[in-house]
Amino acid sequence: MLKDVSFRVKKGDTVAVLGPTGSGKSTIMLLLQRLYEIQNGAITIGGISIKDIDRRYLRSRVGIVLQEPFLYSRTIEENIGITSDKPEPDKVRDMAKVASVHDVIESFEEGYETIVGERGVTLSGGQKQRVAIARTLMKDNDVLIFDDSLSAVDTETDAKIRAELQERCKGITTFIISHRISTLSSADMILVIEDGCISECGTHEELIRREGMHKRIYEIQSMVETTEREEGTLNA
């Protein structure tokens with residue numbers, strides 16, 4: 001349950017959300033789509049309460065990519081273009097490039113005509129996430145939500161996707177939920193959620209100067225990355 005959660009986001013900003021499982025991160029995102037109704041307080045977009053916005057219209061303007069996205073038993077092209085009435089092949093490929101999955105698709109024998117099994121069983125976790133990102137980008141969004149949807153890709157691909165999104169999605173307010181500090185570090189604002197409350201709020205540079213969860217996780221992940229690099233050098 002969320003308690004006394006309050007924050008303001010400027011249009012076009014990127015907000016990162018960090019916190020342990022069950023802390024309330026995904027609840028905030030569900031409230032934004034009115035998949036949960038607000039019991040107390042209010043959420044406003046452009047000064048208008050989301051309770052006064054038609055649910056269907058609100059959800060049509062908010063794109064969300066989940067950690068474990070659902071893919072249909074159709075071709076990859078159809079999976080990416082399914083959010084559009086008349087998906088243009090060039091746009092499908094363009095969005096696949098933004099999601100860093102175009103080259104992967106082209107490597108398949110059937111390319112974009114490759115049939116994927118239900119829930120994308122023929123694709124790896126990272127490939128499914130990237131196809132889902134491309135699919136979400138096919139429609140017009142005012143708000144984008146990435147709910148731990150970069151967790152299955154390596155850090156290099158993660159950084160490449162975020163750089164593309166930053167360039168292509170200017171003006172779109174973006175929320176990124178992740179446990180990977182490198183994914184969150186370039187956000188305009190980072191919210192740390194613990195036990196349903198905001199325990200920290202600030203930029204990456206501000207939060208690593210404070211004694212809190214963000215700094216602790218950053219230090220642990222930095223140590224792991226350093227160890228992996230050193231082991232890689234020794235094994236080279």
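## Salt bridges

E37 and R55 form a salt bridge in which the closest N and O atoms are 2.4 Å apart; the term denotes a side-chain nitrogen of Lys or Arg within 4 Å of a carboxyl oxygen of Asp or Glu. The pair ties together parts that are 18 residues apart in sequence, because E37 lies in the loop between α1 (25-32) and β2 (44-45) whereas R55 belongs to helix α2 (residues 55-61). Helices (H or I, at least four residues) and strands (E, at least two) are DSSP runs, numbered from the N terminus. The structure is a predicted model, in which local features need pLDDT of at least 70, side-chain atom pairs count only at pLDDT 80 or more, and totals for chains, interfaces and linings use all residues. Residues are numbered from 1 along each chain as its sequence is written, and side-chain values use heavy atoms, with hydrogens and water left out.

E37 is partly exposed, at 29% relative accessibility, and R55 is likewise partly exposed, at 39%. Here buried means under 20% relative accessible area, exposed over 50%, and partly exposed in between (1.4 Å probe, protein chains only). Across the whole structure, 10 salt bridges are found. Another joins R162 to D158, with an N to O distance of 2.6 Å; these residues are four apart in helix α7, which means that about one helical turn separates them. R162 is buried at 15% relative accessibility, and D158 is buried at 0%. Salt bridges that share partners also link R34, E37 and R55 into one network. E167 and K170 meet in a salt bridge at 3.9 Å, N to O, and both residues are exposed.

## Nonpolar cores

The largest nonpolar core contains 38 residues, and I80, I133 and L137 have the most contacts inside it. Such a core is a set of buried Ala, Val, Leu, Ile, Met, Phe, Trp, Tyr and Cys residues joined through side-chain atoms within 4.5 Å. Elements giving two or more residues to this core include β1 (14-18), α4 (89-98), β5 (143-147) and β7 (189-194). Its largest share, five residues, is supplied by α6.

Beyond its neighbours within four places in sequence, I133 is in contact (heavy atoms within 4.5 Å) with V65, A99, F146, S149, L150 and I161. Apart from this core lies another, of 18 residues, among them L31, I50, V143 and I193.

Helix α6 has 13 residues and reaches 19 Å from its first C-alpha to its last, close to the 18 Å expected at 1.5 Å a residue; the expected span is 1.5 Å times one less than the number of residues. Of its 13 residues, 11 are buried, so α6 is largely enclosed by the rest of the structure. Its buried residues include G126, R130 and T136. The cover over them includes β4, α3, α4, α5 (102-107), β5 and α7.

T114 lies in the loop between α5 and α6 and is buried, with a relative accessible area of 14%. Not counting residues up to four places away in sequence, T114 touches R74, T75, I76 and F108.

## A nonpolar surface patch

F70, Y72 and I82 make a nonpolar surface patch of about 230 Å². F70 lies in the loop between β4 (62-65) and α3 (76-81) and is partly exposed, with a relative accessible area of 31%. Patches are made of residues with over 30% relative accessible area and no salt bridge; like charges are joined within 9 Å, and nonpolar side chains (Val, Leu, Ile, Met, Phe, Trp, Tyr) within 5 Å. Accessible areas come from the Shrake-Rupley method with a 1.4 Å probe, and for residues only the protein chains shown count as cover.
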